[in-house]
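Biologist: I'd like to learn how to read a model like this one. Can we go through it feature by feature?

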Amino acid sequence: MTSRVASSPPSSPGASTICLQVLSCGSLLASLGTMGGCPVQAAEANKPLLVGAAISLREPLKTLAPSFSAAQKVAPTFHFAASGVLQQQIQKGAPIDVFVSAGDKQMDRLEKAGLLVAGSRRVIAGNQLVLVVPSRSPLHSLRFQGLDSMAIRRIAIGDDSVPAGDYGRQTLAYYGLSEAVKAKLVPLGSVRAVANAVAAGHVDAGIVYKSDAHNVPNLRIVAGAPEASHAPIRYSAAVITASRQAKLASAYLGSLTTAQASQVFRRYGLLPLPAAAKR
């Protein structure tokens, strides 16, 4: 798909990298007022709900927030980052109530560590993996099989903390390209960072979710990854055992599996899952 061309010029690679860095666990704690003193006591009185979510869900979750706020009289606060980064922050004690992950691996690790409320985990949506180029690029006929071409010098992909990066590397292996393109890969800290790098023209191509191509301007989808080329892409959500708002967190999870939520997910390029796929 081709989106409209942004009027502002692309930033430099260095500036993009700086702007796309996610909060460390320490800075997240600091930004929330830490876990001691009056600021936290005041926040507890207002029953805050902190949702740590995969950055590829930024638009749909923000769109759904007002209806949840109206029903519960509490506005969720979001911390968007790569799923792997969020997993590590939760393990280090970040005060996150609900975790929404773009990959099973990160959720599995927290569940194994006993950090998820038993029975709260559920699948809320799916996604598709696509190959994108800048909208003005002449590489309209590029396919995954052609990524080893001399014409392709740099390929953006999520790093080890990013589920989309895992799926992307699985797809490259499916096509037998892992070694052929290894030197071309530019690992970045989130799937949105990958999409932005491609849109800005800092790389020749990138592997992202279809929803990111839908929501980031100046991208063109040139190929979709076959479902057989990677593990199923499933977004799952769960309540964190350390949550001080377990009932509110559970209510929030319920709001993500409604018909309204499915419509919003679809609008932003995600794949709502049938009820049989949710647990």
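This is a predicted model: local features need pLDDT of at least 70, side-chain atom pairs count only at pLDDT 80 or more; totals for chains, interfaces and linings use all residues.

Biologist: Is His230 buried or exposed?

Modeller: Buried means under 20% relative accessible area, exposed means over 50%, and partly exposed is in between (1.4 Å probe, protein chains only). His230 has a relative accessible area of 13%, so it is buried.

Biologist: And which residues is His230 in contact with, leaving aside its neighbours within four places in sequence?

Modeller: Contact means heavy atoms within 4.5 Å. On that basis, His230 touches Leu129, Tyr167, Gln170, Thr171 and Ala225.

Biologist: How do I read a whole helix, say α5 (residues 83–91)?

Modeller: Helices are DSSP runs of H or I with at least four residues, strands are runs of E with at least two, and both are numbered from the N terminus. In α5, seven of the nine residues are buried, so the helix is largely enclosed by the rest of the structure. Those buried residues are Ser83, Gly84, Val85, Leu86, Gln87, Gln89 and Ile90. Just after α5, Gly93 has a positive phi of about 100°.

Biologist: How do α5 and α6 (residues 104–112) cross?

Modeller: Axes are lines fitted to C-alpha atoms, for helices over the stretch in contact, and angles run from 0 to 180 degrees between N-to-C directions. Angles under 35 degrees count as roughly parallel, over 145 as roughly antiparallel, 65 to 115 as roughly perpendicular, and the rest as oblique. The axes of α5 and α6 come within 9 Å and cross at roughly 15°, which means α5 is roughly parallel to α6. On the α5 side, Ser83, Gly84, Gln87, Ile90 and Gln91 meet Gln106, Arg109 and Leu110 of α6.

Biologist: What about α4 (residues 58–72) and α10 (residues 246–255)?

Modeller: Their axes come within 11 Å and cross at roughly 125°, so α4 is oblique to α10. Leu61, Phe68 and Gln72 of α4 make the contact with Leu248, Ala251, Tyr252 and Ser255 of α10.

Biologist: How many helices and strands does the chain have?

Modeller: Eleven helices and ten strands. Of its 279 residues, 49% count as buried.

Definitions and conventions. Residues are numbered from 1 along each chain as its sequence is written. Side-chain values use heavy atoms; hydrogens and water are left out.
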